[in-house]
Amino acid sequence: MTATHPFETVKIRMQLQGELQTKGAQPHHYRGPLHGVSVILRNEGLRGIYRGIGTAYVYQVLLNGCRLGFYEPMRTTLAQLFFQDTSVQNLGVNMFSGAASGVIGAAVGSPFFLVKTRLQSFSPFLPVGTQHQYRNAVDGLSQIYKSEGVLGLWRGVGAAMIRTGFGSSVQLPTYFFAKRRLMRHLGMEEGPALHLASSTASGFVVCCVMHPPGMSPYLLTPFVKNEANAV
């Protein structure tokens, strides 16, 4: 996550470009991942490219803690219910358990993902979209609660749950599918290279599946309501 955070920052800002401008007048400060990274580094330094990293760590702990904590109990319970054997590995059961555990994790970590996204979108040099100036996660949560109430902390949680549920449901199945194909067709053997290649393929599929519902949940902000927080 530390390595991919800069590209996540660029992705968010690219999604926000032109949010508040009329058609044809949208700025294009960030033309791609590498260009975006270079622009942010040049204008904001390392601090800018890693804005919100602390909040991102908290979110990942909550998300993956729930995913890992709930997945196996759900899987074994369903396997026992449908097959009377907890050791059975069924694709449908595994996908449902992965999706359900991901949904729980997304719901629990949603306020931190919201703050992370707004921290990453803030730029004192090349602002895009509505700007929210938070000092850190605690300050962000506090400002959102004061201006938008409890429901504001979970803004976009429905889309986030769908997004994470989709990603979690395909992550393990695509990993093992890619692993089997690489071993069968390319002759790869068990080892770091095989695991890295399989994880890369799985990560690509997860990203494609999660991206459409992930476009909006934390970027859609009531402009008038947050006008006091805009910079």
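By class, the residues lining the largest pocket are eleven nonpolar, twelve polar and five charged. The model is a predicted one, and the volume computed for this pocket is about 960 Å³. Its lining holds 28 residues, and those closest to the pocket centre are Thr4, Glu8, Gln60, Arg163 and Met210.

At least two residues each come from H1 (5-16), H3 (53-83), H4 (91-121), H6 (157-185) and H7 (192-214). H7 gives the largest share, with eight residues.

Helix H4, one of the helices that supply the lining of the largest pocket, can be followed from end to end. What separates H4 from a straight helix? With 31 residues, a straight helix would reach 45 Å at 1.5 Å a residue, but the end C-alpha atoms of H4 are only 38 Å apart. The helix bends by about 60° at Gly109, and the proline Pro111 follows within four residues. Most of H4 is covered, with 22 of its 31 residues buried.

The N-terminal end of H4 is capped by Asn90, which places a side-chain oxygen 3.0 Å from the backbone nitrogen of Gly92. Further into the helix is Asn94, a residue of H4. Is Asn94 buried or exposed? Asn94 counts as buried because its relative accessible area is 16%, and the cut-off for buried is under 20%. The side chain of Asn94 also makes a polar contact of 3.1 Å with the side chain of Gln89.

Arg75 and Asn90 are 15 residues apart along the chain, and their C-alpha atoms are separated by 9.1 Å. Arg75 has a relative accessible area of 4%, so this charged residue is classed as buried.

How values were computed. Residues numbered from 1 in each chain as written. Predicted model: local features only at pLDDT ≥ 70, side-chain atom pairs only at ≥ 80, totals over all residues. Heavy atoms only, no water. 1 Å grid on protein atoms, 1.4 Å probe; cavity = no way out; pocket = protein on both sides within 12 Å on 5 of 7 lines; lining within 4 Å. Points joined across faces, edges and corners; volume = space filled by probe spheres on them. Expected span 1.5 Å × (residues − 1). Bend = angle between axes of the 7 residues up to and from the residue. Buried < 20%, exposed > 50% of the residue type's maximum accessible area, 1.4 Å probe, protein only. Polar contact = N/O pair within 3.5 Å; in protein donor to acceptor, adjacent residues only side chain to side chain.
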